[in-house]
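Thanks for coming, everyone. Let me put the sequence and the model up on the screen, and then we can walk through them together.

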Amino acid sequence: MSIFESLVPSDEEISKQKQLLATLSRLINKEWPNSKLYLYGSCANSFGFSNSDIDLCLSIDEKEMSKVDIILKLAHILHAGNLRNIQALTRARVPIVKLMDPNTGLSCDICVNNLLAVVNTKLLRDYSQIDKRLRPLAFIVKHWAKSRCVNETYQGTLSSYAYVIMCIHYLQSQRILPCLQEMEPTYYVTVDNNICAYFDQVDKLNGFGAQCKDTLSRLLWGFFRYWAYAHNYTKDVISIRTGRSISKNMKDWTRRIGNDRHLICIEDPFETSHDLGRVVDNRSIWALREEFERAAEILHLDPNPNITLFEPY
Ligand code: ATP
Ligand code: MG
């Protein structure tokens, strides 16, 4: 818990994030009154560390403009504010504007009309409110992944988003978390032809996992044991959408298609054709599995796991 507490952002930092969101919204709404700026990613999903960059998404209905044109115009609009290092990255897989706000000292990335990310951010935050063990578990897993260099998608390892989903899956398997997408929906949106629906009245689910008394350290050990020894990498896909593992056969994720190798399969909860493990290749899969085994062994045998587990790679 003290490791978790040392990573959580302070109230002051959270109010600075809100301040920056308000400043940027004001600036952008002058030019585009019907647009809306959303916080997403770790500063809104409750799994954000102190000092992390801010992810923002501009929702805008400009049918005549391409995404790249919107990004270029956005960068132009932002130049009117007191902001630094404004850069339009129009060639990235997801085009963004990057900037730094000297008032708050915060850096942020703004993308356009990536509303699925706003919705999956809400799903993760809703899960975090059901059982108080999820947040510290995911913080510690993310901290471990960053320390051990297995949180780098461009090097074939997994995103923070994927690790949080792996934690939710594990807690679903322990009956500590329910499966919100299998319950009667109270929240619906359609984004790019994907129907996103789930039960979001999570205050009614307080105490859901109370029957399982496992402590945070036991769950952390269980999480690594699951990924080191129990998960069936050949046959299974983890799916928080259904609350269990489903078969690779069912999804036709049994062979390599293009660059998707499906060596570790993590279904996106809304974009179900999207395997969050697709970045993993023949080399990085072994690096990952060795790290899961190392972590499981440390938690089993090491008298000081709180140091060894996070030793820089
Ligand atoms: P960090 O603290 O490391 O910045 P983060 O929660 O911001 O963590 P990222 O992996 O940087 O996580 O992703 C930011 C957001 O982008 C996620 O919360 C999610 O909404 C979205 N996202 C990231 N990767 C994917 C993906 N492969 N598919 C769909 N959405 C994704
Ligand atoms: Mg982020």
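Let's start with Ser284, which touches Gln155, Gly156 and Thr157 when residues up to four places away in sequence are not counted; contact here means heavy atoms within 4.5 Å. Before going on, a word on the source: this is a predicted model, where local features need pLDDT of at least 70 and side-chain atom pairs count only at pLDDT 80 or more, while totals for chains, interfaces and linings use all residues. Residues are numbered from 1 along each chain as its sequence is written, chains are lettered from A and ligands numbered from 1 in the order in which they are written, and side-chain values use heavy atoms, with hydrogens and water left out.

Back to our serine. Is Ser284 buried or exposed? Ser284 counts as buried because its relative accessibility is 1%; buried means under 20% relative accessible area, exposed over 50% and partly exposed in between, with a 1.4 Å probe and protein chains only.

Ser284 sits in helix H9. Helices here are DSSP runs of H or I with at least four residues, strands are runs of E with at least two, and both are numbered from the N terminus.

Next, Ala162, in helix H6. Ala162 counts as buried because its relative accessibility is 0%. Leaving aside neighbours within four places in sequence, Ala162 is in contact with Ile266 and Leu276.

For contrast, have a look at Asn103, in the loop between strand S4 (96–101) and S5. With a relative accessible area of 60%, Asn103 is exposed.

Now let's zoom out. The chain is divided into domain 1 (8–113) and domain 2 (128–309), with bounds that come from an automatic or database domain assignment. Their C-alpha centres lie 28 Å apart, and seven residues of domain 1 are in contact with nine residues of domain 2.

Finally, the largest pocket, with a volume of about 1,600 Å³. On a 1 Å grid over the protein atoms alone, a pocket is an open set of points where a 1.4 Å probe fits, with protein on both sides within 12 Å along at least five of seven lines, and lining residues have an atom within 4 Å of a point. Grid points are joined across faces, edges and corners, and the volume is the space filled by probe spheres set on them.

Which residues lie nearest the centre of the largest pocket? They are Tyr40, Arg93, Val94, Ser159 and Tyr161, out of 44 lining residues. Strand S5 (106–112), helix H4 (115–128), helix H5 (134–147) and helix H6 (160–173) each give two or more residues to that lining, with H4 giving the most, five. Each of the two domains supplies at least three lining residues.
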